[in-house]
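Please examine the sequence and the structure shown below. The report that follows describes selected side-chain interactions and their surroundings.

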Amino acid sequence: MATWMARLRDRLPTGGRLNDEDWAGRHRLLTVLLALCMVFLTVFGVLKGEYATELLITDGLVLPAVVAAAVLRHRRARSLAVALGFVAACGGFVALCHGLTEAHFAFFILIPALALYRDWAPFGGFLVGTTLHHAGFGLVEADHTFGHDSAQQHPLVWALLHGAAVLAAASFQLVAWRFNEIEEQRAEEHLSESQAQLSVAFDETPVPMAMFSPDGRLLRSNGAYRGWLRLPAELPADFSVGDLPLRPMMPDEPRMGEILSRSREPVTVTRQYLRTDTGALMWAQTHATGLYDRDGSLRLIFVHCMDVTAVRDHEAELRHQVRHDSLTGLLSRKAFEHDLTEMLTIGSEPVSVIYLDVDRFKSINDGAGHTTGDDVLRALASRLSQVVPSGALLARLGGDEFIVALTGPAGTGVRVGDSILAALAEPLAVGVYELPVACSVGVTTASGAISADEVVLAADTAMYAAKRAGGNRVQVFTDELRVPVQQRIAAEARVRRALAGDPRITLPLWFQPVVSTVTGRIAGAEALVRMRTPEGEILSPFHFIGAAEETGLIVPLGEHVLRSAIDHLLHWSGRLGYVSVNVSPRQLAEPDFVPMVASVLAGVPTLDPSRIVLEITETALLSSTVDVSERLASLKQLGVRIALDDFGTGYSSLTWLKSLPADIVKLDRSFVAGLAEDQRKASIIQAVLWLAHSLGMSTIAEGVEESADWDALKAAGCPAVQGYLLSRPLPAAEFDVMLRKSFEKATFEGVHLRETMGTVMAG
């Protein structure tokens, strides 16, 4: 029996599960409906007119029920008052209708209405009241309860029938009620599981998270959030944003609630705060999402936070690295160009640009080492920072080049440039040393619409003019200074264009013969490059070699000259002894120069490498940054010969003769010109010839233009000469004709000599 009762109880709705808000809404609706029923019954009874007693009884029962429903404190008492009030209203309505069967429908209508309470007290009270009305009132006042003869004769039977119908209707309400409870229970279970999962995700995540009300009250926070801000585990109920140990550095910025109230989209903001508990500055990134009610009003703000101080500091460091030179801490080239563009665009005052280059900085690097060179640059940057006015741009462009930009009237740049030179009159403190440093300074002033590149180029041009004038001076830019720069740019463009085409056509070789003073025959030739313009004009090296040397294009140009010279030598193989090629200082300093020569020679295995002579000038030896002896020794191992060109123009020529593995000494034309009339020159040449011979070297005299000089050199024992007396440099075709004639003459003389010797022997 107990088990059966337990099963029945489990299948019946439990009731009383509505929350206060939902219950209050339903109770208010049913109370108003009960009051309206009373008004309706009063009007209906008055219109009937003959049921005053029934009307008074009905209103006397319903009105207290309405009042009790409004003033009682407990939910069940108030809902029970409504239920009994409806029983009285329905019974009164049936009585006023004199037991009309259709009037009983009111009871059936109110069964689902009372089920809205989802509570057994009002629902059961209504059923009990309905049963008592039918059974009790039906027996006492059958004519006012049942409006037909059968019911009036057998009221108990009809009371049972009506009660059964009411219970049947109530049963279906109970089934629906129970099903709703089951569904709600499942929903609550799912909700509880979801809430548990949310709680785990919220509380256990290492990301600081919190929930705030729109007015800033902290509703909930996880451990990571409290640990991040060093908050206690238990917080006061009124704890709000203002109580957090964070003070925004920009207090005028809108609050998160204001932003979310205007826009329903999630918001991510990054702001800087002062930690009031530690006094440290920090950057925090906050991602906020708003929860809204049906009316669109903000109900809850969910935030998760990240401390991005390290990220922002790293970004700031990267921006500083991009904008500043790593060696000196000054602005970088890119940052300077950007800021100079803004200065020229936005400012109304003239802008002066000062370009500085350290004089003879290479000697500091070579003599004291690159570390000392870096120390000099840092010390120079510090000295410049002290001299340059506040608000000016100061940057290191690279190497030993610095640049300054500042606004002010004309003459400002010159005054600052003079101040810089005056400041550098005192040596720089570099470690334990004090090194004197001088600079070449170029100054230009610009105003109006002009690009930063143009201004910098003008200052650079002025700086080069100051350096060419001896350095340690200030040069103001003028349009006349632009001419050599334009010429240099045009020359560079010509070289690039020639190398991009077919060098055999655009960069042909001319040849100047080297003649033996003993035989008078052409012993060899010096290869000299020329340039053929698109218009067919032939340009001498003066028009392009300087630009090629400065830009590094001399390296591919030199390789072309070597390859082309070897091709011509192979063509003249039986008639020409050797060909010489000039090597520039830039080529000699290239680490790939020796491997390049080796590669070229490897491509012509039939060629004797000694027939290739590489001419190195004394100035190239003096200015080279590499170990010249080692580099030349590597070349000698390839089998080529080395010629020391322009001998006598340097200050240590005799030293070079002793220390370098040269094969040929080429006397500069300054020794040769006027040799026949100058006995001192003759003595010097005889000494050089003797020294070269004693060292196992051959000698060639350059620049021979007079017959008397030829005779003097021949008499002195100089083995070979070269100069305009014999021939100017000739195109390959013309040199080929000259070489053929020389070869044929030598052949004819050899045949004639043999015939003469044969005749003599026969006689």
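How many salt bridges does the count come to? A salt bridge is a side-chain nitrogen of Lys or Arg within 4 Å of a carboxyl oxygen of Asp or Glu, and by this rule the count comes to 18. Side chains of opposite charge can pair when their charged atoms come close.

This is a predicted model, in which local features need pLDDT of at least 70, side-chain atom pairs count only at pLDDT 80 or more, and totals for chains, interfaces and linings use all residues. Residues are numbered from 1 along each chain as its sequence is written, and side-chain values use heavy atoms, with hydrogens and water left out.

**Salt bridges**

| Pair | Closest N and O atoms |
|---|---|
| R496 and E492 | 3.0 Å |
| K636 and D663 | 2.5 Å |
| K666 and E702 | 3.5 Å |

Helices (H or I, at least four residues) and strands (E, at least two) are DSSP runs, numbered from the N terminus. R496 and E492 are four residues apart in helix 18 (residues 482-500), so about one helical turn separates them. Residues are called buried under 20% relative accessible area, exposed over 50%, and partly exposed in between (1.4 Å probe, protein chains only). R496 is partly exposed at 43%, and E492 is partly exposed at 23%.

The salt bridge between K636 and D663 has its closest N and O atoms 2.5 Å apart. K636 belongs to helix 25 (residues 628-637) and D663 to the loop between helix 26 (653-659) and strand 21 (664-667), so the pair ties together parts that are 27 residues apart in sequence. K636 is partly exposed, with a relative accessible area of 29%, whereas D663 is buried at 17%.

In the salt bridge of K666 with E702, the closest N and O atoms are 3.5 Å apart. This pair links distant parts of the chain, 36 residues apart: K666 is in strand 21, and E702 is in the loop between strand 22 (698-701) and helix 29 (707-716). K666 is buried at 2% relative accessible area, and E702 is buried at 11%. Salt bridges that share partners join E526, E615, K666 and E702 into one network.

**Aromatic rings**

Rings of Phe, Tyr and Trp (its six-membered ring) pair if their centres lie within 6.5 Å; planes under 30 degrees apart count as stacked, over 60 as edge-to-face and the rest as tilted. The structure holds five aromatic pairs. The F40 and F44 pair is stacked, because the ring centres are 5.9 Å apart and the planes lie at 20 degrees. These two residues are four residues apart in helix 2 (residues 20-48), so F40 and F44 are separated by about one helical turn. F40 is partly exposed at 45% relative accessibility, and F44 is partly exposed at 22%. Elsewhere, ring pairs link F511, W572 and F735 into a cluster.

A charge sits over a ring if NZ of Lys or CZ of Arg is within 6 Å of the ring centre and within 35 degrees of the ring normal. The charged end of R312 sits over the ring of W283, 3.8 Å from its centre. R641 lies over the face of Y578, at 5.0 Å from the ring centre.

**A loop residue**

P208 is found in the loop between helix 9 (155-204) and strand 1 (209-212). Its relative accessible area is 11%, so P208 is buried. The C-alpha atoms of P208 and D307 are separated by 9.3 Å, although these residues are 99 residues apart along the chain.
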